[in-house]
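Please read the following report alongside the sequence and the coordinates.

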Amino acid sequence: HFHFHSTLAMVSQFNRQIFRLQPIQIASWHQLGATTHRSFLRELTDRLLLGQAGVGGEHRYAADRVYWFGRPKLPGSFEAGVVTLEQRSFDARLVLGLFDVGVEEPVMLYAADRISMDTSGRP
């Protein structure tokens, strides 16, 4: 019972107004499949972050989780955006929101810590 209410709170907290959304296409479930979705979601997060001030360079993702709130119709057109929840010296807690076009609540949220790395692979 608690989990259901916390899920509803999460969806309402991450509505489309807090994201700077961009249109994207997802070709198939293969992109979001269990073995490949993290790679796809990390690449999508990087692409959406590209061009934002102070973002770039070597990095890795840690502590990532995917939350599904619906079943996207694939192949299909969606809107996606990234919001930074917490920024620290060498890392940031990010949330990628995936929305059906024009819909207020996300179909999926991807939460991850993005850790900046130096050239020798250290944070």
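## The largest nonpolar core

In this predicted model, the largest nonpolar core comprises 21 residues, and the members that touch the most others within it are Ile26, Leu96 and Leu98. At least two residues of this core come from each of strand 1, helix 3 (37-49), strand 3, strand 4 (91-100) and strand 5 (108-116), with helix 3 giving the most, namely five residues.

The surroundings of Leu98 illustrate how separate stretches of the chain meet here: once its neighbours within four places in sequence are set aside, Leu98 is in contact with Ile24, Ile26, Phe78, Glu79, Ala80, Pro106, Val107 and Met108. Another core, of seven residues, lies apart from the largest one, and Phe14, Val95, Leu109 and Ala111 are among its members.

The five strands form an open sheet in the order 1-3-4-5-2, and their pairing is antiparallel. Strand 1 (22-26) and strand 2 (59-68) are the edge strands, each of which pairs on one side only, and from one strand to the next the twist averages 30°.

Strand 1 runs antiparallel to strand 3 (residues 76-87), to which it is joined by five bridges.

Asp113 is found in strand 5, and it counts as buried because its relative accessibility of 11% falls under the 20% limit. The side chain of Asp113 makes a polar contact with the side chain of Arg93, at 2.6 Å.

Gln13 lies in helix 1 (residues 2-13), and it counts as exposed because its relative accessibility of 51% is over the 50% limit. Although Gln13 and Glu105 are 92 residues apart in sequence, their C-alpha atoms are 9.2 Å apart in space.

Definitions and conventions:
Residues are numbered from 1 along each chain as its sequence is written. This is a predicted model: local features need pLDDT of at least 70, side-chain atom pairs count only at pLDDT 80 or more; totals for chains, interfaces and linings use all residues. Side-chain values use heavy atoms; hydrogens and water are left out. Two strands pair if DSSP finds at least two bridges between them. Helices (H or I, at least four residues) and strands (E, at least two) are DSSP runs, numbered from the N terminus. Axes are lines fitted to C-alpha atoms, for helices over the stretch in contact, and angles run from 0 to 180 degrees between N-to-C directions. A nonpolar core is a set of buried Ala, Val, Leu, Ile, Met, Phe, Trp, Tyr and Cys residues joined through side-chain atoms within 4.5 Å. Buried means under 20% relative accessible area, exposed over 50%, partly exposed in between (1.4 Å probe, protein chains only). Contact means heavy atoms within 4.5 Å. A polar contact is a pair of N or O atoms within 3.5 Å; within protein, one must be able to donate a hydrogen and the other to accept it, and residues adjacent in sequence count only if both atoms are side-chain atoms.
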